[in-house]
Every structure is written in structure tokens, then in C-alpha cells.
Amino acid sequence: MNAKRTILITGGAGFIGSHVVRLFVNKYPEYRIINVDKLTYAGNLANLEDLKDAPNHVFVKADICDYDRMKALMEEYDVDGIIHLAAESHVDRSIRDPFTFARTNVMGTLSLLQAARLCWEVRPEGYEGKRFYHISTDEVYGALELTCPEGMDSPFTTTASSAEHHHAYGEDFFLESTKYDPHSPYSASKASSDHFVRAYHDTYGMPTIVTNCSNNYGPYQFPEKLIPLFINNIRQGKPLPVYGKGENVRDWLYVEDHARAIDLIFHQGKVAETYNIGGFNEWKNIDIIKVIIATVDRLLGNPEGHSLPLITYITDRAGHDLRYAIDSRKLQAELGWEPSLQFEEGIEKTVLWYLDHQDWMDHITSGEYVKYYEEMYINR
Ligand code: NAD
Ligand code: TYD
């Protein structure tokens, strides 16, 4: 294929990566997309079923920590852009197995950076036209205060244009300038990888970009994360394990809106910049859980409140960050990005998708994940 650009996307068989690969493969037939994924427990080729015959999509099963392989791939395909999503991504797993997180998230990112550097620096045009785009998380910023009194609805409102009517659970938000303060092994490993990416810009002049996004939800998310886990458990009448009092706040964004932001920033973002991505959509866990219960019960034809008794309060996650809230006004002002979906619409689409894709869910929950789930929640 004589491609206009060749972009290497890592982690493209995972949750967010599969949406990014789908967007790029379909929107840019003139690009060649090299999708590199190790297919860990979280990587699933069923997430890419519709792209298996796409002529501009090449799937490569490989570990990003394999430096020689990464460099050879970049040379073989003449890669000029990298969108790096591959990571270990679940906080609870990072608490149990921090080494795997350091290996993939830190050493894997470094391996890609070094491979890209040695591949690009020897070209006559050097870094001209190249881009290394690293996908990170808001969790690197630490935790915000929850200034809304317990049991009360949020007293604050955001002032961002797209979110005039939305509430917030505190006065502070994460800005691009917020000092890093990670608390979990997951966020510590992501913070470390972000620093390496910025160091490659400052030291070697590599054209890098970093974005920090809030919690994503939507189709193809591995059912260890809150929303798909709870949808599946409600359907099966299983307990819904709520950590602590369910008072922690997360800021939720529909995954396709994240993928659209990545497309925009990859093409139009400024080199060496950081952009926060979020939809001004804060929810206390217990409130979002009640919305999920009401939606699943309604779509399954259960009476109102039918699954509420499944809520089971359990021991809190160690070091559980209280509140995340992203201020994404820089991205809105500079590149004109706005979330396209209201939360009510997004959660309805998401629940419908999981209920309609029971095979996808059953396939995942029949294997390794069941073992993990039992260790996590049953023998706790
Ligand atoms: P995911 O766990 O669903 O997918 C990760 C993918 O990376 C999987 O396909 C897995 O097989 C692959 N992978 C893991 N280790 C690898 C290795 N050593 N080599 C090659 N591939 C490997 O994760 P996700 O939720 O899609 O997150 C993608 C990225 O976005 C991550 O970098 C994460 O930190 C970031 N992020 C996620 C969220 C969220 O809410 N899920 C929010 C903000 C940022
Ligand atoms: P999660 O989906 O793991 O994302 P993150 O930890 O990256 O924010 O969890 C979202 C929130 O839901 C978080 O505050 C932890 C909480 N949670 C539960 O209460 N019970 C669960 O079983 C899970 C998976 C999460």
C-alpha cells in the first residue's frame, strides 16, 4: 500500500485503542494503521472484528517492551506517527502487581521512545513531520477535595461553555499546570511515562504531545472496570461491590468523544503541549451506580428498584482517590473540541450495547477474568 502516512497505534485491541483504531482506519483510508498489541488479558481481537478485512489496517501481536521489535517495525513500515495507548490500566491490579505496571507503562513507553528516536534521527528530514502522541490519564494529578457535604447534592456549577448546567463536587479542577501527585502504582507508572515523553522532547527535540483524560465509558471496556462490571452483574443478579461508602467522584467521558479528541490533537495539537480531555461530567460512584441499575432494570423489563438490593458495600480500595475532575477548557478554546454526547444518552447507548453483546461479555468472563474476580471479591 502506498500510504500518505503510516501511524503506529499501540494497545489497539484494548478498550480505548480499539475505538481509536476504528476511527482512523475508517476515516483515513489513505493512511496505513499499524496496530501493535501484546493481547494481554485486556486485549481482545473481537474488539476489532469489523476491521479484519480493512486494507489499511495491519495487526501485529508484539510487546512494546521488546525494543528491537519496535525499532524493526518502525523501520519496516516507515512509521511517521505514533499514538501510544498500550498500558496496564486497572488500579486494583496495580495494587496487587505493581511490577507489571512499571514494566509495561514505564519501560514499554521508554522502549517506544528510544526506538522512534533512533529510527527518526537518522532520516534526512529528521523529526520533520513526525509525531509521538502519548495517551495519559487524569489520575497522575492525584486527588481533589470533595467539598460537597456528605449526602448533599453538589452545590457547585461549572462555568465552561459546554457545561453551563452541570454540577461539580468541589471548586478545584485539574489543569494542565496542576502538579503531578500520583497515589496508586498505576498512576505512578503513568506519571513516570509522561515524564519520559516530555524528557524526549526537551532532550532530543522529539515532537511529542501528551493528553490526560478522565474516566472513559462505552462499548468494549473490559468488565473489571466499574460500568461494564456492574451492567453484567445486574444482568446476572450478582452482588455489586461498592468500595467504601460510594462517595468517590469520577468525571466520565464517552469513549468515542475521547477518540475524536485524539484524532483532532494528533493532527492539530501543538508539539510539546499537554491537553486535558474531559466532559465536565462528575458523578459520585453511588449515584452513577443507581443510574446504571435504573437503566438496566428498565431495559430488561424489571420493576423499578428491582436490582437495588444487589448493592454491597465492601472494604475500600487502598489509597482510593476521592475526586477527579478535569478542566478541558484549553482543548475547547484552542482546538474547538466539545463532547458530542450528553451523559444520559451515552449511558443508555452503553447499557444497550452490553445487553446486545452478551457473547462478547460471556467470552471474556468465562476465562482468566473469573479467576481474578473470585480472588478479588469472593476471597477478600
Ligand atoms: P485497556 O486495559 O482496555 O487496554 C490496554 C491494551 O494494551 C490491551 O489491548 C493490552 O493487550 C495492551 N497491552 C498491555 N500491555 C502491553 C504490552 N506490554 N505491549 C503491547 N500491548 C500491551 O486500557 P484502556 O482503558 O483502553 O486504556 C488505554 C490507554 O488510555 C492507557 O494508556 C490508559 O492509561 C489511558 N487512559 C484510560 C482511561 C480509561 O478510563 N480507561 C482514561 C484515561 C486514560
Ligand atoms: P474504575 O472503573 O476501576 O476506574 P478508576 O479507578 O480508574 O477511576 O473505578 C471507578 C470508580 O468506581 C472508582 O472510584 C472505584 C469504584 N469501584 C467500585 O466501587 N467498585 C468496583 O467494583 C470497581 C471496579 C470500582
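Me: Contact means heavy atoms within 4.5 Å. With that in mind, what is Gly43 in contact with, leaving aside its neighbours within four places in sequence?

Reply: Gly43 is in contact with Ala13 and Asp37. A friendly note before we go on: this is a predicted model, where local features need pLDDT of at least 70, side-chain atom pairs count only at pLDDT 80 or more, and totals for chains, interfaces and linings use all residues. Side-chain values use heavy atoms, with hydrogens and water left out, residues are numbered from 1 along each chain as its sequence is written, and chains are lettered from A and ligands numbered from 1 in the order in which they are written.

Me: Why does Gly43 count as buried?

Reply: Buried means under 20% relative accessible area, exposed means over 50%, and partly exposed is in between (1.4 Å probe, protein chains only). The relative accessibility of Gly43 is 17%, so Gly43 counts as buried. Gly43 belongs to the loop between strand E2 (31-37) and strand E3 (57-61); helices (H or I, at least four residues) and strands (E, at least two) are DSSP runs, numbered from the N terminus.

Me: What makes H6 largely enclosed by the rest of the structure?

Reply: Buried residues make up 8 of the 11 in H6, so the rest of the structure largely encloses this helix. Those buried residues include Ile227, Leu229, Phe230 and Ile234. After H6 comes Gly237, with a positive phi near 70°.

Me: How do you know that the span of helix H10 agrees with its 14 residues?

Reply: The expected span of a helix is 1.5 Å times one less than its number of residues. For the 14 residues of H10 (343-356) this should give 20 Å, and the end C-alpha atoms are 20 Å apart, which agrees. Among the buried residues of H10 are Phe343, Trp353 and Tyr354, and what covers the buried residues includes helix H6 (226-236) and helix H8 (285-300).

Me: Why does the largest nonpolar core lie between domain 1 and domain 2?

Reply: A nonpolar core is a set of buried Ala, Val, Leu, Ile, Met, Phe, Trp, Tyr and Cys residues joined through side-chain atoms within 4.5 Å. The largest one has 65 residues, and Ile9, Phe24, Ile83, Tyr133, Ile265 and Ile277 touch the most other members. Helix H7 (residues 255-268) gives the most to this core, with 7 residues. Both domain 1 (1-142 + 180-213) and domain 2 (143-173 + 217-254 + 279-314 + 342-368) give residues to this core, so it lies between them. The domain bounds come from an automatic or database domain assignment.

Me: How many residues of domain 1 are in contact with domain 2?

Reply: 17 residues of domain 1 are in contact with 15 residues of domain 2. Their C-alpha centres lie 28 Å apart.

Me: What makes the pair formed by Ser89 and ligand 1 a polar contact?

Reply: A polar contact is a pair of N or O atoms within 3.5 Å; within protein, one must be able to donate a hydrogen and the other to accept it, and residues adjacent in sequence count only if both atoms are side-chain atoms. A polar side-chain atom of Ser89 lies 2.7 Å from an oxygen atom of ligand 1, so the pair is within the cut-off. Ligand 2 has such a pair too: one of its oxygen atoms is 2.9 Å from a polar side-chain atom of Asn285.
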